[in-house]
Each structure stands twice: as structure tokens, then as C-alpha cells.
There are 2 protein chains.
Amino acid sequence: MSIKEIDRYIESHLDESISELSVLCRQPSVAAQNLGIEVCANMVAESLQARGFDVKILPTGGSPVVFGERKGSNNATLIVYDHYDVQPPEPLDLWESPPFELTIRNGRMYARGVADNKGNFVERLHAIDAILETEGELPCNVKFIVEGEEEIGSVHLEPFFKEHREMLSGDICLWEVGGVDHTNTPIQMVGLRGICYVELRVKTANQDVHSGTGGSIFPNAAWRLVWALSSLKDQDENILLPDYYDDVVPPTDREKALLAQQPEMMAYYKEKYGLKNFLKGIDDELELAIQAVYQPTCTICGLNSGYQGKGSKTVLPAEASAKVDFRLVPNQTPEKVLEKLRAHLDSHGFEDIEIVNLGGNPPAKTDPDHPAVKLAVEAAKDVYEKPTRVIPMIGGSGPNYMFQAYLGVPIISSGAGDSESGAHAPNESISLDLYIKGAKHFTRILKLMHDYK
Amino acid sequence: MSIKEIDRYIESHLDESISELSVLCRQPSVAAQNLGIEVCANMVAESLQARGFDVKILPTGGSPVVFGERKGSNNATLIVYDHYDVQPPEPLDLWESPPFELTIRNGRMYARGVADNKGNFVERLHAIDAILETEGELPCNVKFIVEGEEEIGSVHLEPFFKEHREMLSGDICLWEVGGVDHTNTPIQMVGLRGICYVELRVKTANQDVHSGTGGSIFPNAAWRLVWALSSLKDQDENILLPDYYDDVVPPTDREKALLAQQPEMMAYYKEKYGLKNFLKGIDDELELAIQAVYQPTCTICGLNSGYQGKGSKTVLPAEASAKVDFRLVPNQTPEKVLEKLRAHLDSHGFEDIEIVNLGGNPPAKTDPDHPAVKLAVEAAKDVYEKPTRVIPMIGGSGPNYMFQAYLGVPIISSGAGDSESGAHAPNESISLDLYIKGAKHFTRILKLMHDYK
């Protein structure tokens, strides 16, 4: 059977695939809020079973992992990593259509999780349907690992990998996300930063107090938090944890050369996000590219204290909290960051600030010249208008280090994402065109896997 | 008619007065949220009309002022200042009974506004009923000024005073709140700090961004806010606005002597609020009393940015805001504070921080030895178990300076408040015992007014 027949199936059965995606998006599955997780895991399991996969729903101590395996016509094994959990949909008032109702507008599908990463999961099922319908069997073994805690740092995945190392083994891992950049160039993202996500909490009294009574004489939780946070990073963006940069490994020359191939981003970012300028006075494209991904971060993701409603309330807050994420670059680890953070707070007089560890993982990268990366680039050739660009490291995070540490596999990417996808933001979306292209790319990866081993 | 008969009326008609208070508390009237204001103003007007007052509901540009006047048997005029607006009830989950449903538990009445200051208003009506029922007329002229924006800084009251100076004139002003301290000693509060309440806002992008994308290179609204706030006050509680303390007038010897009569507060505060210690290492009772009210403050009342839900969301917030109140001591003014705040932010590189003025007023005080204060102390003698203590200045704020600047009247206090009242906090309450005592105190103030002029 020819690839044309497979492509024709993908195009002519698009509506069925969108229906399936629509049902999956309708099911909220917010790991951070423990919302709809079990139900969504069952839906994922059923959809794999419907394609003849041998499926297990495996406990992890948190959200279960759905594992599905189907043999192919040779011995090479592609591991497909997806996740069924999504980011919280808030702030709700910024969504133009309900977050859990897949809505098509101007050639794009909108829903929480449609880009990250339910869309890719269903697109991959659609590609598998196309191959099975036209060829009757898969060209290689395929193992799906679909977890439910990616958006909260894959907090239970490492022991799961330790326990099931044998079952999970394979030759290449296909990552959950992928697609094109804002110039419509397909990309292979072969490295991810690590992350250490914490909540900082402080409580200074057993109740809020009238600010007239306590303002001059009582400790104020909001002030304690503000002072503690301001001690973590100076206004020049230097993170002030002790010896924080000691473990940071700069990019190799090869990685820099790959980053130099990146399209111009400055004007694009300024326009898209309404930015006036970049941090640290960066005004060079390569410098921006390097800083964006080879520097660790300390980002306040949320602040919460006292009265936040309309107008004024004269209250002295008893409690305050901040969500903070640290993006990590080779060779940083979340464990070390937690240690340094505690030491820093203690040594700066902030013993009263509690650190709640909300999860994390170290960074990891695949050699950009690995044969698996070449395979993924080759597979994209006749699908996209432009040749693939290999990106040695992206700013985001994920549990890819586990695949490398426990399974020893290189990581490649594929998917329907683009620069408008807005993963984690309101109005998350993917384009119908890239949904089809992503499915086609995946069929070609499967076909090339046939001769990989 | 004897005062005993009046007291008997107050005691025997308590249930009717509580019913009236219950109806008033059931009506939300949150100025900060523009909730129920007009309806509540009408209720206040009707309740004054029912006591034979000549009532006007007067526009101010914001919440209307209810003005009611009734002639008495001599020419002295007592101005009674009350407000029908209340603080927002949030956080709702900390209320043990619904905030807008007056609930009696263990001899206390609970509801938003019951202490601040609907309870005092209805208690005063109750006292007027007692006098009118037993004596048929009031011993002096009484003018009620009941405004609806006290909780948001009386933002429209000053032009109202300018316009209606003649109509509002009188001899003594009875303040909205009053009562006893935590040792059950009746108090006369003759000075109030001023206030300048602002919201600081910053916006760094047109939308939230994935923290993996922007963390190293995009400005972060939450960080901008944290840095700007931390520049306003150091960890030793020094407010860093330019020349901020230049206008601060220290207490007089007489004021210090009055503060020295204050009961011990340190152990009390520690226990009540679960505090470990006080700011600035204060460990002396008089020093605490002075610092509590004769120092200006800069209090963060609220912080708001990004994700505040359960668990983690890896977002870089585009917007952040803080509510901040500055309590002012003689001779500071809110206008000067606003000027200094803008100058400070600009000179520290925070031109991007917007200041929203949410209202304010200057501090003001009555001479603690004024004949009017003596009258109020005398009126309390046979009502309370202990002699009255005169407090030269309290930590809270209110528009008392307007009464002094435009009407030139001294200010005295009376009411049902005590140390458990929790004005502005969840479970705001007053005791039934002090409600009766407050009414009795008010009848005696009215009686003594007969010979004031």
C-alpha cells in the first residue's frame, strides 16, 4: 500500500478524529485540581483498546499511567509518550469559548489541552487508524505511555519507571509535543530544561487584623513574602541562591550553531505579547535564543494574599503565598535547588517562609545528531513545506530525563503545535492543517521505524 | 421622668431593637463592591423618619448621604455621625454564620457591619425611642449624618461638607464607633489617624505566557510588583518614600501620659492574634502604645497575580496588583503621600507601576481635655463598671478631620464595640450587654447636651 492511500485516509476521516478529540477535551482532567483524572484515564485506555492495543491502567500513587502495547511487523519499538492531564483553565473570563468544549474557529480547534497534549494523542491514534485500515498492521512495535501528572511535574513517574523499566523499554521515544515554529518551519526539539516548582507560604497571625490596629506593630504576611521573594532575584535577573550558577553548563558550539539557525524572534515576541523590551537589555537574536533556554530561571507564577476584590479593604493579611518555578539547565537538579532555596531563606532571616515542593525534574537532552533525530527529520520531508530545524533545547520542561536515565532512548518530536497554540494560556488551540500534517508525520516515523533496527 | 424609666425602656424593648438591627444587617451595603447601597440608604432614611426626623437623602456623586434632623428642648446640637456601608464580607469561608444574617451566639450578635457601624446606629435609634417614649421630646437638637462610603475612604464627603456646611453645623459630633477596651474599660477615642489607600498595578504583556518560554527573557508583572513593593519599606519597617517622616509630629506629653494609662496590650495581642513578637523588636508597653498610633504605616492589604489555585501552573503573569494602605499621623496628608509615592516609584525605575488612588483623608484629633470629652466621660459614669479612659489617638481612620475643618466641632465617641468585635474581619460581632450600655450612654450624652450651651 502506498503512503498516498494512508494520507487519503487521514484526510477523508478527519471529522471522525475531531469527534474523538472533542469527546476527550470535554472531559476536564486537571491534575493540579485532581479533577476528572480517573475518568479521563479510562477514556484513554478505551481509545487504545479500540486500536487493538493491549492496555493496562497502572497505579502510581497519583494519577494512573495508561500503558498500551501493540506489536508490529518488525522488532523496533517506538515509545509514544503522551499525557491526558491538562493545565487548569483559569483565568476563565479570558476564554472566547468554554475551555472544555472543543470549538472550531478560522481553521483552528480551541480547548484546554487541545495543544498540550490531547490533540497530539488523538492525532496519533488517527495516524494508527490510517495505517491499520490500509495495511492491516503496524510497521513497528508501538508502546503508549500516557501519564496523568505531566502538568504537575510528573511527580509519581520516576518510581513507575523504576518498577516497569522492562515493560517500557524501546528504541526511540516520541515526545508528547511537536510541530512548527512561527515561520511554519517544522522543528525537532531534542532537549528540555528541568523544573523545580514550589509554593512559598507564610503565616504571621491566626487571623487577619484591621490594618489600623496592626499596621505599625504586627508582622504582615504579605510583607514577609514580598521581602523573601525580593531576596531571591535582583532586578538585573540574577538569581541569588547560594552558588546557584555553579552547576550551569553553557551550550556547546554545535548547540549554539543550531540556535543560530533559529528565525528572528525579537520582533515576533514583541508583537505577539505586546512587549516593550527583553530582560537584561538583550537586543541580539542569538543572545536571546541562548538566554531563553540555557539560563536557569526563577519565575513568580502567582501571588496571593489578603483582599483582592474591588476597591479597598483595610486589612492586614495573616497569610500570603507565592507559586515559583525554577527552570533548570544542565547540570542542575531540583533536589539541589530545594536545598539552596531553604539555605538561602534561612540565612536571610526568612525561616518563617515555608517551602512546599510541588514537583520537578532535571533537564535532559538528546544528541541533535542522533540517528533517531535524523529519522524524525527525514519523516517530515514530504509532509511540510520547509525542511526541519533541529532545536537543541527548549525552554519548557518534562520528564524526558526519565526516558534517558531508565530506558536509555533518544527523544524525537512530532505534533500539531505552532506559535499560536498558547499551551497553558486561555484559548489554547491547534490548526486543522497542522493536525493533519502531524498525523502524516507520525505515519512516516512509524514506517521509517521498520528499518531502524 | 427619671433616667431609670429610660433605662427600663431600653432593657424591655431590646428585642424590637434587635429585630430592626437584624433587618438592616440583612441588607448588604458594600461600598467597595457598590452592592446594595441605594436600598440601604432608603432603609436608614425610613428608620429616622419613623422617629420624627426631618430626613433628606442627598446625592454626593457616590453613595448618598442620609441627613436627618430633629429639634430638641434646647439649642445645643449633637451631630451623630454614622455610616450605612460595610466592609466586604470576604473571606466567606471563615464566617461561622452567614455574614448578612444577624445571628446571636453566647450573648453576642454576629453580622457584617454589626460593629462597624450598623449596630451603633440602631442602638442610638433605640436610645432615642426610649427618651421620646418617656419624655416626649429630645433634650437637644440631634442631626444624623449617615454616609455610605466610610469603608472606602469617604471619597465624596468633603465636597458634601463644603456644600452643606450650614445645614450640618452643631456643637459636638458623636463618632460612629465607641465602646470598651479588652479590660472592659469604657474609652473615649478623640483622635484618628489619616489614610491614603492605593492599588498598585503593573502590566508587562498583553497575555500570560508559558513560563518555560518567557521565564528567562520576558518581563514578569509579579516580579515588577514585588521589587517595587520591596523598595517602599525595608525589613526594619522604615518607609522609604522621600522625606516621608518630615511631617510627622510626635505625641505631646499629655498624649503620652494618656497612653501610659492604657492597659497592658502585649500579652493580650500575642494571645488573641497568635503573634510571636511585635515589629521593630518592641517589648515595652508604652513604646508599643506610641508606635501603634503615632507612627505612619505602609501596609500591604492584598496581593494578586497569576495562578493562585491548587497545585502548580507554569505561567508567567502579565498582570499583578497590590492593595496598599498608608496610615497617616499629624501632620501628614494623603495628597503629599500620593506625590511622594509617585516620585519614589519613578526615581527607583518603577515608572511602569500604576497608582490607583482608592481614597483617603488626613488625620485629626480633638483636645483630650475639651469640655465635650468631659461630657462624654461624665455620661458614662453610671453606665459602665469602670471609669472612662481617654485615648488621644487610635490606629484607625475616618473622616473626622472634615468635622473639625468645616464644622469646627469636637468629637466624642460611644458605642457597643469591644476587643472581640473584629470590625473588617470575619465573624464581626458586638455583645448584647454592650449594646444596652451603649444605648444608655447615648441617652446620658443627650441629657447632658441640654446644659452644654
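A helix contact in chain B

Reply: B:Ser17, B:Glu20, B:Leu21, B:Leu24 and B:Cys25 of α2(B) meet B:Val114, B:Lys118, B:Gly119, B:Val122 and B:His126 of α4(B), contact meaning C-beta atoms, placed from the backbone, within 7 Å. By class, the residues of this contact are 5 nonpolar, 3 polar and 2 charged (nonpolar: Ala, Val, Leu, Ile, Met, Phe, Trp, Tyr, Cys and Pro; charged: Asp, Glu, Lys and Arg; polar: the others, Gly among them).

The model is predicted: local features need pLDDT of at least 70 and side-chain atom pairs count only at pLDDT 80 or more, while totals for chains, interfaces and linings use all residues. Residues are numbered from 1 along each chain as its sequence is written, with chains lettered from A and ligands numbered from 1 in the order written.

Helix α2 (residues 14–26) and helix α4 (residues 114–135) of chain B pack at about 140°, their axes 10 Å apart. That angle makes α2(B) oblique to α4(B), since under 35 degrees counts as roughly parallel, over 145 as roughly antiparallel, 65 to 115 as roughly perpendicular and the rest as oblique. The crossing is right-handed (near helix turned clockwise from the far one by less than a right angle).

As for the strand, β14 (residues 319–328) of chain A has 9 of its 10 residues buried (20 or more other C-beta atoms within 10 Å of a residue's own). Strand β10 (residues 191–203) of chain A pairs with β14(A) in the antiparallel sense over 10 bridges (pairing needs at least two DSSP bridges), and A:Arg201 stands opposite A:Ser321. Strand β12 (residues 299–306) of chain A also runs antiparallel to β14(A), joined by 6 bridges, and A:Ile300 stands opposite A:Val324.

Definitions and conventions
Buried ≥ 20, exposed ≤ 12 C-beta atoms within 10 Å, placed from the backbone. Helix = DSSP H or I, 4+ residues; strand = E, 2+ residues; numbered from the N terminus. Axes fitted to C-alpha atoms, helices over the stretch in contact; angles between N-to-C directions. Contact = placed C-beta atoms within 7 Å.
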